[in-house]
Amino acid sequence: VQLQASGGGLVQAGGSLRLSCAVSGLTFSDYAMAWFRQAPGKEREFLTGTTRSGVSTFVADAVKGRFTTSRDNAKSTAYLQMNSLKPADTAVYYCAVDDVPGTLVTEYDYWGQGTLVTVSS
């Protein structure tokens, strides 16, 4: 199983980025997925996710109204659209999949390698 996250980079505050997570080695439509991030010196935190069919699950308060996730099961790919970015959003962003939706790091069996997002002020 492989999850390949991409789309990170350097962006100015107020800007937007779209992350992608390409999944292989399993039937993506059989799995819920989620996005997490980890800032330097902090624990990995849940952001948002979707059920197998693409229904959005819980959205963290820190990103509510700014970040949205979607998925294309035909392409085995998930997306994280990030708008109105802030310097506090600087982190490594991870995608993860599991057969049951959840918000805890320990609930997810498969993880991508992470993609770095840096937001400058």
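**View 1. Arg44 meets two rings.** The charged end of Arg44 sits over the ring of Tyr94, 3.6 Å from its centre. Trp111 has Arg44's charged end over its ring too, here 4.9 Å from the centre. A charge sits over a ring if NZ of Lys or CZ of Arg is within 6 Å of the ring centre and within 35 degrees of the ring normal. A word on the model: it is predicted, so local features need pLDDT of at least 70 and side-chain atom pairs count only at pLDDT 80 or more, while totals for chains, interfaces and linings use all residues. Residues are numbered from 1 along each chain as its sequence is written, and side-chain values use heavy atoms, with hydrogens and water left out.

View 2. Rings of Phe, Tyr and Trp (its six-membered ring) pair if their centres lie within 6.5 Å; planes under 30 degrees apart count as stacked, over 60 as edge-to-face and the rest as tilted. That rule gives eight aromatic pairs. One of them, Tyr31 with Tyr110, is edge-to-face, at 6.5 Å centre to centre and 75° between the planes. Tyr31 belongs to the loop between β3 (17-24) and β4 (32-38), and Tyr110 to strand β9 (residues 110-111), 79 residues apart. Strands are DSSP runs of E with at least two residues, numbered from the N terminus. Phe36 and Trp111 make a tilted pair, because their ring centres are 4.8 Å apart and their planes at 55°. This pair also links distant parts of the chain, with Phe36 in β4 and Trp111 in β9, 75 residues apart. Phe36 is buried at 0% relative accessibility, whereas Trp111 is partly exposed at 24%. Buried means under 20% relative accessible area, exposed over 50%, partly exposed in between (1.4 Å probe, protein chains only).

**View 3. An open sheet of four strands.** The strands run in the order β1-β3-β7-β6, with antiparallel pairing. Its edge strands are β1 (2-6) and β6, each pairing on one side only. Two strands pair if DSSP finds at least two bridges between them; β6 and β7 have six, in the antiparallel sense. Across from Asp72 stands Thr77 in β7.

**View 4. Two serines with positive phi.** Most residues other than glycine have a negative phi. Ser76, in the loop between β6 (67-72) and β7 (77-82), has phi near 50° and is buried at 18% relative accessible area. Ser84 also has phi near 50°; this residue lies in the loop between β7 and β8 (91-98) and is partly exposed at 41%.
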